[in-house]
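The sequence and the structure are shown first, and the description follows.

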Amino acid sequence: MTPEIIEKMFPNPLPSIAEIEAKYPPRQLPEGAKVMRVAPSPTGFMHLGGIYQGILADRIAHQSGGVFFVRIEDTDQKRKVDGAIDLIIKSFERYNLVPDEGVNLDGSEKGNYGPYTQSLRKDIYQAYAKKLVEEGKAYPCFCTAEDVELLRKVQEKTNVRPGYHGQYAKCRNLTDSQILENLNAGKPWVLRFKSTGDYEKKMAIKDLAKGMLLMPENDLDIVILKGDGLPTYHFAHAIDDHLMGTTHVSRGDEWVSSTPLHIQLFAALGWKAPKYAQLATLQKLDNGHKRKLSKRHDPEASITYFWEHGYPELALVEYLTNILNANFEDWRKANPMAPITDFQMNFNKISNTGGALFDFVKLNSISKDVVARMTAEEVYKAVLKWAQEYRPDFAKRLTDNQALVTAALNIERGIGKQSRKDIVKWEDVPADLAFYFEDSFEAHPELLASYERADVQAIVSAFAQVYDPNDAKDIWFNKIKEIGAQYGFCADMKAYKANPSAFKGNVSDVAKILRVKITGREQSPDLYAIMQVLGKESVLKRLKG
């Protein structure tokens, strides 16, 4: 292509390739250190998959003494949403995936390999695009969107694989005079990569998540610069990952089919491609069938869903880590109290078959364990933070009754395997604590319908007369047993099991009667501890009510 054509295509001054490469020197890192990134687009929606990929990138990079950075891929300006970059940054920070390099909330940057926002790197992309044109590896295409659509229809009719390739790459073999004529006429153009691949040939690709893949070479002349001069994802990611020293890329396996193209682009630019770990797409069961977790149909696809419902950040991280590495569950069982950062993430343990099924049952189970390991003070602070954003009325209740709430949360907490596991997420806590407050306490006498009313009244009345909040727990329980025995309820479980028909019930029935009267529930944490938190006045009021 003549200098005149290249000058018309790139009329503005551009940095030289030597200047660019000098600005982005190879990183000086320990041997084996990995440089990994996440590269979300600021569309106003933060997909759960972004955190899923970010956990792997963060852990692998930092375990190896490397670098984890965030790059904002905003070359599709039509999809960019105000405030979306803040959402991205807050999302990673909220899950303790704090990048070493990238954009800060105030718009500033940290790191020496920026800008970390692609729209600010336009001259860099154009410089490399110009280089490919000079080397005969790219060409201007003047086909309109209507031309490309017509081409697709022709291929569809003739049962030809769709795409801009081979004889269907209409602008690939334009002469210099034809190109110059079109440029002089002001015809809009995009820049296409001139593929040298043969779709009939196979190439072996080692994927760190999926193993060895045998895939057709790329023969598509894809667009690398759009009409606005900004690059497509394919072109931009190759340039940025080279200049930023990316060694390993974790991304969704929807990019598997593009991997031959990406490797081809790196080769055309004269660079070594990073290693790819293309992760199984997060899926869900829908009427017995697996399908991709969709931002259109599934609210849980958005990371803000978990904020609104109050899932502890660590619970989601542990759950996604469990999906990512097959050995995490065994590690957690062996190290129940260890910080998750002690777990060594491993590419070799990534599941490479099927999809990664998102399972709320498993998430909730992990979340219960996470909350059970927290102190009452930690739970209080986390619930308060959630409530201040999503339930300000409950936040006020928490701040007005901090001592009572903390004492209630401390019941059966921190006693190993028997630690209470009734809280899944912070959204559960207002209902869980409701019976502690007189204005939200609800008596449910129907829960005692299976007992004789006279027995209920007698047991409650007798206990109210002897109740003393200063009693030790064993004395308190002995009183319950004695009152039960007085009214025909067996105090000894062994004797009851031997001859149940001889009794109205057993001591657990007596405790249930008192529990329902005091809490309005059949199940609750330790009743003795609850009564200590409520205090004598409240307990007696409910017993007599």
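Which residues in α18 meet which residues in α21? In this predicted model, Val456, Ile459, Val460 and Phe463 in α18 meet Val510, Ile513, Leu514 and Lys517 in α21. By class, the residues of this contact comprise seven nonpolar, no polar and one charged. Helix α18 covers residues 453-466 and helix α21 covers residues 507-519. Their axes lie 10 Å apart, at an angle of about 75°. Angles of 65 to 115 degrees count as roughly perpendicular, and α18 and α21 are therefore roughly perpendicular to each other.

A further helix pair is formed by α11 (residues 313-324) and α13 (residues 360-372), which pack with their axes 9 Å apart and at an angle of about 130°. That angle makes α11 oblique to α13. The crossing of α11 past α13 is right-handed. On the α11 side, the contact involves Leu314, Ala315, Leu316, Glu318, Tyr319 and Asn322, which meet Lys362, Leu363, Ile366, Ser367 and Val370 in α13. The residues of the contact of α11 with α13 divide into seven nonpolar, two polar and two charged.

The two packing arrangements are set out below.

| Helix pair | Angle | Axis separation |
|---|---|---|
| α11 and α13 | about 130° | 9 Å |
| α18 and α21 | about 75° | 10 Å |

The report now turns to empty space. Rolling a probe the size of a water molecule over the atoms shows where such space is left.

The structure holds one cavity of 30 Å³ or more. About 80 Å³ of space lies in the largest cavity. Its lining consists of Val70, Ile72, Ile88, Ile89, Phe92, Glu93, Pro99 and Val103. Helix α4 (residues 84-94) gives the most to this lining, with four residues. Seven of the lining residues are nonpolar, none is polar and one is charged.

The largest pocket contains about 1100 Å³ of space. It is lined by 39 residues, of which Ala39, Pro40, Ser41, Glu254 and Trp255 are the closest to its centre. Two or more lining residues come from each of β1 (35-38), α3 (48-63) and β10 (248-252). The largest share, four residues, is supplied by α3. The lining of the largest pocket has 15 nonpolar, 13 polar and 11 charged residues.

Technical notes
Residues are numbered from 1 along each chain as its sequence is written. This is a predicted model: local features need pLDDT of at least 70, side-chain atom pairs count only at pLDDT 80 or more; totals for chains, interfaces and linings use all residues. Side-chain values use heavy atoms; hydrogens and water are left out. On a 1 Å grid over the protein atoms alone, a cavity is a set of points where a 1.4 Å probe fits but cannot get out, and a pocket is an open set with protein on both sides within 12 Å along at least five of seven lines; lining residues have an atom within 4 Å of a point. Grid points are joined across faces, edges and corners, and a volume is the space filled by probe spheres set on the points. Ala, Val, Leu, Ile, Met, Phe, Trp, Tyr, Cys and Pro count as nonpolar, Asp, Glu, Lys and Arg as charged, and the others, Gly among them, as polar. Axes are lines fitted to C-alpha atoms, for helices over the stretch in contact, and angles run from 0 to 180 degrees between N-to-C directions. Angles under 35 degrees count as roughly parallel, over 145 as roughly antiparallel, 65 to 115 as roughly perpendicular and the rest as oblique. A crossing is left-handed if the near helix is turned anticlockwise from the far one by less than a right angle, and right-handed if clockwise. Contact means heavy atoms within 4.5 Å.
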